[in-house]
Amino acid sequence: MKYKKCPICDLNYVTNDEKYCSVCQRSLEIDFFHIVRGYVYGNNSQQIYEKFCDTLGWDRTKVNKFGWHTPLYAENADTDRTNDVWFIFYPNYDAEKINSVVDDYHVVNLIKNNGDNIIEVVENRLGKSNNANRITFVKTSSGYKFFGVYKIIHNGTTRLYQRISDIYPM
């Protein structure tokens, strides 16, 4: 029996008659009507956002917030326009990479306590954020994984977020 690497994750091996590994297959079967912590929803933030616009009624006018060289963040973007949508492309900050992604928008995102907390440090000119909850996806080796809905605990140039839900809608 011959094996090949899964074409999605490029980590797990599958037999020649299998299309994807069981982990990726489960991710492909996810419906886009509920968002569940730990599932990978794809590799492209804009496409993921567009799917949730179709299924959950997110604000389609904000789809341009999730393209190349953008902060991957949209305020008041969900169904009732009270939650923000946040894709973290480089968790745990890598100064070499962040400068090539978003010019003049330097942010440190530190995932702590198995994802229960996120610390975000921004430049002084960006200042405080709004106090909306954030529907948060984090880039992993297998794609954007939903980490949860986070509430801001401390606001300012150093912001502390705490996970308040593992699912969305809550």
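Colleague: Are Phe-52 and Trp-58 buried or exposed?

Modeller: Both Phe-52 and Trp-58 are buried, where buried means under 20% relative accessible area, exposed over 50% and partly exposed in between, with a 1.4 Å probe and protein chains only. This is a predicted model, in which local features need pLDDT of at least 70 and side-chain atom pairs count only at pLDDT 80 or more, while totals for chains, interfaces and linings use all residues. Residues are numbered from 1 along each chain as its sequence is written, and side-chain values use heavy atoms, with hydrogens and water left out.

Colleague: How many aromatic pairs does the structure hold?

Modeller: Rings of Phe, Tyr and Trp (its six-membered ring) pair if their centres lie within 6.5 Å, and planes under 30 degrees apart count as stacked, over 60 as edge-to-face and the rest as tilted. The structure holds twelve such aromatic pairs. In one of them, the ring centres of Phe-52 and Trp-58 are 5.0 Å apart and the planes stand at 40°, so this pair is tilted. For Phe-87 and Phe-137 the centres are 4.6 Å apart and the planes at 10°, so that pair is stacked.

Colleague: Which strands hold Phe-87 and Phe-137?

Modeller: Helices (H or I, at least four residues) and strands (E, at least two) are DSSP runs, numbered from the N terminus. Phe-87 belongs to strand S5 (residues 84–88) and Phe-137 to strand S8 (residues 134–140), so that the pair, 50 residues apart, links distant parts of the chain. Phe-87 counts as buried at 1% relative accessibility, and Phe-137 is buried with a relative accessible area of 0%. Ring pairs join these two to a cluster that also includes Tyr-41, Tyr-49, Phe-52 and Trp-58.

Colleague: Which residues of H2 are buried, and where do they lie around the helix?

Modeller: An α-helix has 3.6 residues a turn, so residues three or four places apart point the same way. In H2, the buried residues are Ser-45, Ile-48, Tyr-49, Phe-52, Cys-53 and Leu-56. Seen down the axis of H2, they fall within an arc of 145° (taken from the directions from the helix axis to the C-beta atoms), so they line one face of the helix. What covers these buried residues, through contacts (heavy atoms within 4.5 Å), includes strand S3 (35–36), S5, S8, strand S9 (143–154) and strand S11 (167–168).

Colleague: What follows H2?

Modeller: H2 is followed by Gly-57, whose phi is positive, near 75°.
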